[in-house]
Amino acid sequence: MEERLGQYPVPPPGSIDKTKILDVKPMRSMIPVFSMSQHIDASGQYPSGFSPFFPFGGPQPAPGRVAATPAPLRSYRAADTGGIDGIYANKRHAASQSGGSKSSKKKSAKTTVVHTDAGALVGITPATREDGNRDVVILVLMTFDALRRRLCQLEDAKEVTTGSIKRADLKACNNLMSKGIRTNMRKRVGVVPGVEIGDIFFFRMELCIVGLHAQSMGGIDALHIRGEFEEETLAVSIVSSGEYDDEAEDNDVIIYTGQGGNFYKKEKQLEDQKLQRGNLALDRSSRQHNEVRVIRGIKYEANVNSKIYVYDGLYKIQETWVDRAKAGGGDVFKYKLVRMPGQPSAFAVWKSIQKWKSGFPSRTGLILADLSSGAESIPVSLVNDFDHEKAPAYFTYFHSLRHPKSFTLMQPSHGCNCSKACVPGDLNCSCIRKNEGDFPYTGNGVLVSRKQLIHECGPTCQCFPTCKNRVSQTGLKHHMEVFKTRDRGWGLRSLDPIRSGTFICEYAGEVIDRAKLTQLVKERDDEYVFDTTRIFDTFKWNYEPRLLEEVSTNDSTEDYAIPYPLIISAKNVGNVARFINHSCSPNVFWQPVLYEENNQSFLHVAFFALRHIPPMTEFTYDYGISRAEGSSALRGRKKCLCGSSKCHARKMDDGILLQQLGPVQKFQFSRCMLQDIIVNGRCV
């Protein structure tokens with residue numbers, strides 16, 4: 001056996017020099033690792049059904065193993081320059097010590113991935129690929145999830161080729177990585193541009209493509225730094241997901257357990273962990289006092305086999321020691337990480353929600369336990385922890401639409417004849433044919449793509465009431481909360497995390513005609529009106545077909561094609577949707593949905609999540625602009641308070657001010673407008 005430096009003989013038994021770090025075969029928890037280089041040949045064993053994707057590299061040969069007994073961390077010398085081996089220094093995909101997953105053990109052919117730069121297809125430039133911002137991070141995550149949803153749709157319909165993998169998230173990441181669609185490739189200590197504390201991720205791969213945590217499996221990510229006299233590796237982020245003996249229930253403190261020791265071989269006695277690789281990086285960070293990003297893995301209530309990953313901000317390692325594993329049989333390294341003060345709450349919010357749901361302690365500011373009075377299967381709480389207002393103006397809670405008896409919509413029609421539930425890919429189903437042959441939702445009820453019009457199964461269809469093509473008709477599926485905002489009246493948010501494409505609610509109320517709307521506008525009483533004829537900002541939410549080498553037949557416009565205008569007033573009758581406020585940078589969008597009822601086709605407005613929405617985050621959507629008012633609506637009766645840097649009202653105010661300036665001032669002000677650096681009418 002050889003030591004790390006390969007220059008000294010193995011010491012006699014009982015006289016191991018603990019000042020030198022012993023090398024062992026890389027451990028399972030450290031694979032795979034994302035490299036920052038785009039020129040590494042990809043080879044080795046990978047999950048069956050997809051080729052290795054950038055930036056994975058080939059497996060590294062493992063040197064012989066040397067038995068070692070852990071000692072207190074400070075008894076090890078920190079001057080070793082190669083303690084993390086090729087995982088960080090050489091940035092290659094390491095082989096597993098403790099046994100990889102079943103799919104990784106399958107034999108696969110070594111292939112070379114041909115990398116192409118397709119960032120321009122979605123708006124990723126070389127500069128934003130290295131260093132991102134908030135808009136770019138959101139764009140990358142939305143692109144990833146749009147592609148993942150499409151792959152799920154193809155798999156559900158059995159349209160994919162034989163032998164393809166079932167993990168659509170891995171295949172989507174493979175696609176985007178190989179095409180250069182990612183951001184924050186430059187690894188760094190501390191804050192990652194565009195990633196905010198409290199952001200949630202439903203897949204480990206999402207952490208990778210935005211540069212928050214470079215490893216898709218390993219819990220410790222590190223940065224190799226070449227100093228003036230030596231090289232060393234510092235830990236930059238950790239994922240605490242419950243795989244080890246972590247103590248992570250405290251809001252501001254984590255007792256993090258090091259890696260290694262055959263934690264994945266629970267039928268065998270645990271081995272002593274060794275101060276190398278990730279453990280060594282954490283030890284060095286404890287002495288350097290650098291910031292470490294912490295991502296907490298939390299059990300997902302909607303799927304007990306899954307986790308949601310929450311970015312909890314920056315921590316520093318305050319203390320390190322050696323302890324005995326809870327399962328017995330081996331020593332483990334422990335690292336106490338303490339959250340840096342002054343950061344927004346993240347994990348603490350989740351802990352508070354757990355207590356509220358259990359009923360202890362009671363929700364602060366709770367006014368009503370169920371605003372819907374039983375109309376919804378899940379209670380809707382009414383909360384005001386801001387001021388002393390007791391309730392919004394009175395209205396009758398109703399979960400859907402009310403149509404006037406004399407209001408005839410379309411000719412009589414009938415639903416599908418499916419005997420059980422509609423099956424994706426079954427073109428004998430008339431509802432699937434109406435959706436251009438695609439099932440509009442994935443197996444877990446997530447919307448795949450925005451459509452000009454979605455046809456759902458309705459009461460006249462022969463399929464089961466539990467058919468997955470009835471998503472918008474099944475009521476609320478999340479714990480909603482109507483709450484008092486600081487400056488925008490009452491708002492709506494969820495106690496649960498919301499995945500991109502998830503159904504939020506329908507816009508319920510009374511269907512009115514144009515004459516009634518005109519009257520409400522004259523009376524300044526149109527605050528709770530939804531009008532499908534308004535002008536809404538265009539945006540792209542669907543996947544890019546060229547990323548899957550599909551014919552661009554699905555690349556149709558996402559603008560809605562509504563068969564008839566629909567105007568809804570929720571002033572007197574409505575549901576939680578009436579409380580959703582406006583934003584020029586919304587996190588919710590509306591989708592027209594049509595289904596048959598009483599032998600007629602009825603149009604509905606359903607709201608879906610534009611992107612992942614953390615708990616206690618207010619829902620917002622774009623109210624649009626009245627066609628009658630045109631551009632004057634931007635200078636309307638009420639000031640937009642959305643606070644977005646893309647606020648239309650602010651840009652219009654800037655435009656009005658621009659007309660009042662002289663030529664030189666106008667030129668400078670125009671430059672500031674283009675760079676979006678105007679605050680309160682002044683360049684900053």
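**Cores.** I started with the largest nonpolar core, which has 43 residues. By nonpolar core I mean a set of buried Ala, Val, Leu, Ile, Met, Phe, Trp, Tyr and Cys residues joined through side-chain atoms within 4.5 Å. Buried is under 20% relative accessible area, exposed is over 50%, and partly exposed is in between, with a 1.4 Å probe and protein chains only. The residues with the most contacts inside this core are Phe144, Val195, Phe201, Ile209, Val210 and Leu212. Helices H4 (134–156), H5 (168–178), H6 (204–209) and H8 (347–358) each supply at least two of its residues, and so do strands S1 (200–201), S5 (292–300) and S6 (303–324). H4 gives the most, with eight residues. For the labels, helices (H or I, at least four residues) and strands (E, at least two) are DSSP runs, numbered from the N terminus.

I then listed what Phe201 touches, leaving aside neighbours within four places in sequence; contact means heavy atoms within 4.5 Å. Its partners include Leu141, Val195, Leu207, Val210, Leu212, Ile308 and Tyr311, and also His612. Apart from this core lies another, of 36 residues, among them Val511, Ile568, Leu603 and Phe607.

**Ground rules.** This is a predicted model, so I note that local features need pLDDT of at least 70 and side-chain atom pairs count only at pLDDT 80 or more, while totals for chains, interfaces and linings use all residues. Residues are numbered from 1 along each chain as its sequence is written, and side-chain values use heavy atoms, with hydrogens and water left out.

**Asn175.** I looked this one up in helix H5. Asn175 counts as buried because its relative accessible area is 10%. Not counting residues up to four places away in sequence, Asn175 touches Leu147, Leu547 and Leu548. Leu147 is 28 residues away along the chain, and the two C-alpha atoms are separated by 8.9 Å.

I checked burial in S13 next: five of its five residues are buried. Met480, Val482 and Lys484 point one way, and Glu481 and Phe483 the other way. Two strands pair if DSSP finds at least two bridges between them. Strand S9 (residues 381–383) runs parallel to S13, joined by three bridges, and Val383 stands opposite Phe483. Strand S14 (residues 490–494) runs antiparallel to S13, with five bridges; there the bridge partner of Phe483 is Gly491. The S13–S14 hairpin has five residues between the strands, and Gly489 takes a positive phi near 70°.

**Salt bridges.** A search of the whole structure gave me 30. The criterion is a side-chain nitrogen of Lys or Arg within 4 Å of a carboxyl oxygen of Asp or Glu.

- Glu481 pairs with Arg363, the closest N and O atoms being 3.0 Å apart. This links distant parts of the chain: Glu481 in S13 (residues 480–484) and Arg363 in the loop between H8 and strand S8 (366–368), 118 residues apart. Glu481 and Arg363 are buried. I also see a network of salt bridges linking Arg363, Asp385, Glu481 and Arg493.
- Asp169 meets Arg167 at 2.8 Å, N to O. Asp169 counts as buried at 4% relative accessibility, whereas Arg167 counts as partly exposed at 45%.
- Lys451 pairs with Glu436, closest N and O atoms 3.8 Å apart. Lys451 and Glu436 lie in the loop between helix H9 (430–434) and strand S12 (454–455), so the pair ties together parts 15 residues apart in sequence. Lys451 is buried at 15%, but Glu436 is exposed at 61%.

**Another sheet.** I traced an open sheet of four strands with mixed pairing, in the order S11-S16-S18-S17. Strands S11 (401–402) and S17 (529–531) are the edges, each pairing on one side only. S11 and S16 (residues 509–512) run parallel with two bridges, and Arg402 has Glu510 as its bridge partner.

**Confidence.** pLDDT is the predictor's confidence in each residue, from 0 to 100. I get a chain mean of 79, with 71% of residues at 70 or more. Residues 630–637 stay under 50, and the model has 12 contacts for them beyond four places in sequence. Residues 652–658 are also below 50, with 15 contacts beyond near neighbours in sequence. Where pLDDT is low, the predicted coordinates should not be read in detail.
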